[in-house]
Amino acid sequence: MSTVVRNQLRVCMLSVKYNLMREMLNKVTFLTNIGFMVVNNATFIIQWVILLRLKEDIGGYGMKEIMLLWGLAASTFGLSRVLFARAFSLPDLIVNGKLDSYLVQPKNVLLGVLTSATNASAVGDLLYGLIVLCVFCFSVRRFFLFLLFTVTGAVIVTAFALLLGSLTFWFVRADAFGSHMVNGMISFATYPDGIFKGAARFLLYNVIPVGIAVYQPVHIMMDFDVSMLFMVLAYGALLSAVAAFVFYRGLRRYSSSSLMEARM
């Protein structure tokens, strides 16, 4: 069993590797996309510098916390789109019958789908997060926690996108709903959770999992709490299991189209 798992993971990592190699065929474009993404993210630092000059803290966050929040959000969504970009376009595969080519491959269907594409510019997000951590709030413990939460956050974001995308097996227009929810998660992740109260806060921690993917990890890195650390890990594992279950249940309803598509 362990050999099968290792082989599946090896195939998936090779898929990610070749996706990146294809993107790097045009090195100028590849590096330009990464550079512009880093610069685009960095421009928001000016916004927060101005706001924090007007007010000492925003939602209980100072400059260090804000930068840690932005860095983790960027690296989390960056890693998710570098490794599992196809999770965000799953509805297109379902609606247009493009899952056929994955069903005949020897590797795991779900992993094959998730790792079949990458987003080159997302590498810039990942690098930006690490740069922000090193410049504004570096410590050895925080660095390793940051790497851990980048992985757990990417898993949660991917699982959330997969779960919503899988609803397309039942509802054709679920793609629009899923897209809005994922984009909302990205938007909320760049604002301190302290500014959200009542129903909005409940939504961010219980419906849109940005609270567990980004907010809680930031709190843990600033004030370490081992119980909250295990809660984040458990939540990521549970959401991944639920998303995989829904995907495979939906796959039973999948009807292929007449589209002939070969994947190399």
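1. A word on terms before we start: contact here means heavy atoms within 4.5 Å. With that in hand, look at where helix 7 meets helix 8 in this predicted model. On the helix 7 side you will find Leu126, Gly129, Leu130 and Leu133, and these meet Arg142, Phe143, Phe146, Leu147 and Thr150 of helix 8. Sorted by class, the residues of this contact are 6 nonpolar, 2 polar and 1 charged.

2. Now for the geometry of that pair. Helix 7 covers residues 122-136, and its axis comes within 11 Å of the axis of helix 8, with a crossing angle of roughly 155 degrees. Angles over 145 degrees count as roughly antiparallel, and helix 7 and helix 8 are therefore roughly antiparallel to each other. Their crossing is right-handed.

3. Helix 8 has another partner worth a look. Helix 8 and helix 11 (residues 210-222) pack at about 165 degrees, their axes 9 Å apart. That angle makes helix 8 roughly antiparallel to helix 11, and the crossing is again a right-handed one. Helix 8 brings Arg141, Arg142, Leu145, Phe146, Phe149, Gly153 and Ile156 to the contact, while helix 11 brings Ile212, Ala213, Pro217, Ile220, Met221 and Met222. The class count for this contact is 10 nonpolar, 1 polar and 2 charged residues.

4. Turn next to helix 3 (residues 63-83), whose axis comes within 7 Å of the axis of helix 7 and crosses at roughly 155 degrees. These two helices are therefore roughly antiparallel as well, but the crossing of helix 3 and helix 7 is left-handed. From helix 3 the contact includes Met67, Trp70, Gly71 and Ala74, and from helix 7 it includes Asp125, Tyr128, Gly129 and Val132. By class, this contact holds 14 nonpolar, 4 polar and 3 charged residues.

5. With a relative accessibility of 8%, asparagine 41 counts as buried, because the cut-off is under 20%. Beyond its neighbours within four places in sequence, asparagine 41 touches Trp70, Ala74, Asp125 and Tyr128.

6. Which residues does methionine 185 contact, leaving aside its neighbours within four places in sequence? They are Phe77, Ile156, Val157, Phe160, Ile208, Pro209, Val210 and Ala213.

7. Last, a residue on helix 8 itself: alanine 161. Is alanine 161 buried or exposed? At 5% relative accessibility, alanine 161 counts as buried. Leaving aside neighbours within four places in sequence, alanine 161 is in contact with Ala87, Phe88 and Val182. Asparagine 183 lies 22 residues from alanine 161 along the chain, with 9.9 Å between their C-alpha atoms.

Technical notes: Residues numbered from 1 in each chain as written. Predicted model: local features only at pLDDT ≥ 70, side-chain atom pairs only at ≥ 80, totals over all residues. Heavy atoms only, no water. Axes fitted to C-alpha atoms, helices over the stretch in contact; angles between N-to-C directions. Helix = DSSP H or I, 4+ residues; strand = E, 2+ residues; numbered from the N terminus. Parallel < 35°, antiparallel > 145°, perpendicular 65-115°, else oblique. Left-handed = near helix turned anticlockwise from the far one by under 90°. Nonpolar A, V, L, I, M, F, W, Y, C, P; charged D, E, K, R; others polar. Buried < 20%, exposed > 50% of the residue type's maximum accessible area, 1.4 Å probe, protein only.
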